[in-house]
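The following note sets out a few points on the structure shown below.

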Amino acid sequence: SSGINAEYGGAKNYPHSVVFQHIPWFLKEPNEEKVYYNFPIEFRTNMLRKFVDAGITKIFCGHFHKNAGGWFENCEVIVTSAVGLQQGGDRNGFRLVTVGRETITHRYVELEGIDE
C-alpha cells in the first residue's frame with residue numbers, strides 16, 4: 001500500500017498518467033457487488049482513491065471479454081473486450097487510444113471491416 005504512493009506519487013507531474021492492468025476494479029459502477037470479474041468493494045475503493053489522489057485519470061483493463069467501464073470521480077476505468085473469445089455482443093477488436101496534449105481519447109475498433 002505504501003508502494004502505490006511511492007510508485008504513482010509523481011503522476012501529477014505529467015500531462016497524462018494512466019494504468020494498464022488485467023483485472024478491472026469494476027465493470028460499470030464503483031459500488032457494484034463483487035463478482036468474478038472485479039475486486040472486492042473495500043479494496044477496490046481504497047485503491048481507486050489512491051490512484052485518483054496520485055493523479056491517474058485512466059485505467060485500461062481487460063479480463064471481462066466484453067466492453068464495459070465507468071468513472072470513479074475523475075478517473076475513467078476502461079474495460080476492453082477480447083481480440084479472440086467474445087462473451088457478449090461485441091465483435092473481435094481492440095482499443096485505439098489517442099494521446100493528445102490535453103486529452104486522451106479511446107474507441108473500440110472491430111477487426112471486421114479493417115482494411116487488410
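1. Ser17 sits in the loop that joins helix H1 (2–8) to strand E1 (18–20); helices (H or I, at least four residues) and strands (E, at least two) are DSSP runs numbered from the N terminus. Ser17 counts as buried because its relative accessible area is 8%, where buried means under 20%, exposed over 50% and partly exposed in between (1.4 Å probe, protein chains only). Leaving aside residues up to four places away in sequence, Ser17 touches Ala11, Gly55, Ile56, Thr57 and Lys58, a contact being heavy atoms within 4.5 Å.

2. The model is predicted: local features need pLDDT of at least 70, side-chain atom pairs count only at pLDDT 80 or more, and totals for chains, interfaces and linings use all residues. Residues are numbered from 1 along each chain as its sequence is written, and side-chain values use heavy atoms, with hydrogens and water left out.

3. Which residues other than glycine have a positive phi? Among them is His65, with phi near 60 degrees, placed in the loop between strand E2 (58–61) and strand E3 (68–72). Glu73, in the loop between E3 and strand E4 (75–79), also has a positive phi, near 55 degrees. Most residues other than glycine have a negative phi.

4. His65 counts as partly exposed because its relative accessibility is 26%. Glu73 is likewise partly exposed, at 49%.

5. Leu111 follows strand E6 (104–110), in the segment after that strand. Its relative accessibility of 37% is why Leu111 counts as partly exposed.
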